[in-house]
Amino acid sequence: MTVDDLRAKVRDVPDFPQPGIVFKDLMPLIADAEAFGTSIALLAEWSAPRTPDVIPGAEARVFIFGGALAYRLGCGFVPARKPGK
């Protein structure tokens, strides 16, 4: 699976949450086991040489990717939330 194949899995939702914003829906990518696995493998390939001790993940969908990436790299994962959440 190529990077272009992964890009094709990301759905654009125009004018959400307000006019002029294009929301990038990652759920089709996450729902496809091969696409999700490839995205984690590519992230790990980029991250591994940097030898992280922990992967921080900010909000929502990043929790999914960050947790999987941390597992793949054998390091910790720290979810980060906006203040007040």
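Visitor: Is aspartate 12 buried, exposed or partly exposed?

Guide: This is a predicted model: local features need pLDDT of at least 70, side-chain atom pairs count only at pLDDT 80 or more, and totals for chains, interfaces and linings use all residues. Residues are numbered from 1 along each chain as its sequence is written, and side-chain values use heavy atoms, leaving out hydrogens and water. Buried means under 20% relative accessible area, exposed over 50%, partly exposed in between (1.4 Å probe, protein chains only). Aspartate 12 has 42% relative accessibility, so it is partly exposed.

Visitor: With which residue does aspartate 12 form a salt bridge?

Guide: A salt bridge puts a side-chain nitrogen of Lys or Arg within 4 Å of a carboxyl oxygen of Asp or Glu. Aspartate 12 pairs with lysine 24, the closest N and O atoms being 2.7 Å apart. Aspartate 12 sits in strand β1 and lysine 24 in strand β2, so the pair ties together parts 12 residues apart in sequence. Strands (E, at least two residues) and helices (H or I, at least four) are DSSP runs, numbered from the N terminus. Lysine 24 is partly exposed, at 44%.

Visitor: How many salt bridges are there by this rule?

Guide: The count is 4. Among them, aspartate 25 meets arginine 11 at 3.0 Å, N to O. That pair links strand β2 (residues 22-25) to strand β1 (residues 11-14). Aspartate 25 is buried at 11%, whereas arginine 11 is partly exposed at 48%.

Visitor: Where do aspartate 4 and arginine 7 lie?

Guide: Both are in helix α1 (residues 3-9), 3 residues apart, about one turn of the helix.
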